[in-house]
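Thanks for coming, everyone. Let me put the structure on the screen, and then we will walk through it.

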Amino acid sequence: MIFDAPQVERLTGPFGCALTVDVEEWYHTCLVPDYVHPEGRPALPHELDWLLPELLEMLHEARCTATFFVLGEVAERLPRRVRQIAEAGHEVGSHGYLHLRACERSPQAFLVDLRRSKALLEDLVGEPVLGFRAPEWSLRSLGSSRLPRVAEAGFLYDSSLNPCAFSGRPTNPRFAYRVILDGLNGLDGLKGAGPRRELLEFPPLTFGGPLRLPAGSWTGRLVNPERLVRATLDHLDEGGLPLAVVHPWEVSGRPTPGPLRGLARFVHETGRPGFETRFRELLAAFRWTSVRAAACLEQEYTAQPAVSRRAG
Ligand SMILES: [Zn+2]
């Protein structure tokens, strides 16, 4: 179900550059339903138990921090790795409990999943989990009836509305913004409950001007890092918060350890050769930080940032 798009207000900086990591195994692809539903999943090799320490070391060498959007079922299997992420100074966010498309679940099932993943992660790291990213950007658009559920579950911000075609919508704003959720249909759990309901939204970086190509994913893996550096600089010049996206399996430098076919294989394998080196070049170009740090969200609790009415 699609509701009227809520009112938005563009957030103004200055901002830092945010690096985000979706913490999931190679088989957590919504393009292969048998893999993402745990009850039907065949026996598949795991990688994260050793990929995560490698990625933490890579970020340590580059003197960068990041937001790790951790999948709940991964956190349950690898609690020690989640604690290590937080202990290394990174932010832990939620990627949901199961890697299922939000837009294909009932709002209630989605809300239960959000709360389960948030509680699980907060128990592990001992601090509030502020941010959420839906599997496969599956909130899709501002008009999603699932978007208010993210606020209802207690998240301060969302990073699920991709301003690109296919995984998102080209009509979604490119720059960070505040979503005003008051007065929307379907907010039964929120109505009349305290202060104005809102959510901060941090969209992923794009390149290619009006083409709005994802800087993460296979499109970003194919290009010279200079293109992504330029896109990052341009975004900063426009007062935005450049937000990069990566998965641990992308930068491992190793082949995928199990079978993928069709579109899933294309999305996973395209641009992989040499990407670890290109990613290190991108890391070296900026002092990447978590979303929480890049957007100064600690201050968000005590003072509302200045906003303008544009959200282009
Ligand atoms: Zn994912």
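**Helix 10 and its neighbours**

Start with helix 10, whose buried residues pack against helix 2, helix 7 (217-222), helix 8 (225-237) and strand 11 (243-246). Before going on, a word on the model: it is predicted, so local features need pLDDT of at least 70, side-chain atom pairs count only at pLDDT 80 or more, and totals for chains, interfaces and linings use all residues. Residues are numbered from 1 along each chain as its sequence is written.

Some terms. Helices (H or I, at least four residues) and strands (E, at least two) are DSSP runs, numbered from the N terminus. Buried means that 20 or more other C-beta atoms lie within 10 Å of a residue's own; exposed means 12 or fewer, partly exposed is in between, and C-beta atoms are placed from the backbone. Contact means that two C-beta atoms, placed from the backbone, lie within 7 Å.

Which residues of helix 10 are buried? Helix 10 spans residues 275-285, and the buried ones are Phe275, Phe279, Leu282 and Leu283. Looking down the axis, they fall within an arc of 100 degrees, so they line one face of the helix. That arc is taken from the directions from the helix axis to the C-beta atoms.

**Helix 2 against helix 4**

Next, helix 2 (residues 48-62) and helix 4 (residues 79-87). Their axes are 10 Å apart, at an angle of about 10 degrees. Axes are lines fitted to C-alpha atoms, for helices over the stretch in contact, and angles run from 0 to 180 degrees between N-to-C directions. The two helices are therefore roughly parallel. The cut-offs: under 35 degrees is roughly parallel, over 145 roughly antiparallel, 65 to 115 roughly perpendicular, and the rest oblique.

Who meets whom? From helix 2 come Leu48, Asp49, Leu52 and Leu56; from helix 4 come Arg81, Gln84 and Ile85. That contact divides into four nonpolar, one polar and two charged residues.

Now the strands. Strand 3 (residues 67-70) pairs with strand 4 (residues 91-94) in the parallel sense, over four bridges. Strand 2 (residues 18-23) also runs parallel to strand 3, joined by four bridges. Pairing requires at least two DSSP bridges between two strands. Follow threonine 67: its bridge partners are threonine 20 and, in strand 4, glutamate 91.

Which way do the side chains of strand 3 go? Thr67 and Phe69 point one way, Phe68 and Val70 the other, and all are buried.

**Leucine 114**

Is leucine 114 buried or exposed? It is buried, because 25 other C-beta atoms lie within 10 Å. Leucine 114 sits in helix 5 (residues 107-125). Leaving out residues up to four places away in sequence, leucine 114 touches Gly96, Phe132, Arg149, Val150 and Ala153.

Last topic. Most residues other than glycine have a negative phi, and most peptide bonds are trans.

The peptide bond from glycine 13 to proline 14 is cis, with omega near 5 degrees. Proline 14 lies in the loop between strand 1 (7-11) and strand 2.

Glutamate 136 has a positive phi, near 55 degrees. Glutamate 136 is in the loop between strand 5 (131-132) and helix 6 (147-152). It counts as buried, with 23 C-beta neighbours inside 10 Å.

Serine 217 has a positive phi too, near 65 degrees. Serine 217 belongs to helix 7.

Notes: Nonpolar A, V, L, I, M, F, W, Y, C, P; charged D, E, K, R; others polar.
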